[in-house]
Amino acid sequence: MKLSEIKSELKTLDTIAFQLPNGELVPNHFHVTEVGKITKDFIDCGGTVRHEEVVNFQLWEANDYDHRLHPEKLLSIIKLSEKVLNIADLDIEVEYQGDTIGKFGLDFDGKNFLLTTKQTDCLAKDNCGIPSEKPKVRLSDLQKQSSCCTPDSGCC
């Protein structure tokens, strides 16, 4: 989800809810403690220099059960961050504390903002010798296609 998309969705909502990949909701007394721009410059395993930027939201919860972040407040925090930090319309990454800090993508299902799982990946598979994945074949499908080794085939 891009920054422009969350801003658009926030304008239509009365309340904000974030849902974890396992279906549980982040407790509704969460705070958005940071809205920022993360810049990552790195070299992948194939030697290619890369540059990435994302907007980062950090969700945090405490025992402040009376606190509720309203959509218009988050929208004002986002607008201030855009102005002060010169944030473009970037993809959003969300940090949330589980057993350790988790990084999530963000989506929206019409009601809740969905924290989506992220995966590591090799960005230079063609340069670093990672073989392409072979197609998975079901043995039962192979037996259906082959008439070899039937009692009348003479192969045994």
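This is a predicted model: local features need pLDDT of at least 70, side-chain atom pairs count only at pLDDT 80 or more; totals for chains, interfaces and linings use all residues.

Residues are numbered from 1 along each chain as its sequence is written, and side-chain values use heavy atoms, with hydrogens and water left out.

**Sheet.** I traced six strands in an open sheet, ordered β1-β6-β5-β4-β3-β2, with mixed pairing. The edges are β1 (18-19) and β2 (31-43), each pairing on one side only. For me a strand is a DSSP run of E, at least two residues, numbered from the N terminus, and two strands pair if DSSP finds at least two bridges between them.

**Around β4.** I found β3 (residues 49-60) parallel to β4 (residues 92-97) over five bridges. V94 in β4 is the bridge partner of F57, and V94 also stands opposite F104 in β5. β4 and β5 run antiparallel over four bridges, joined by a hairpin of three residues.

**β5 to β6.** Here I noted antiparallel pairing over four bridges, with β6 spanning residues 113-116. F108 has F113 as its bridge partner in β6. Four residues separate the two strands of this hairpin, and G110 in the turn has a positive phi of about 100 degrees.

**D107.** I placed D107 in β5 (residues 101-108). Buried or partly exposed? D107 is partly exposed, at 40% relative accessible area (the class between buried, under 20%, and exposed, over 50%; 1.4 Å probe, protein chains only).
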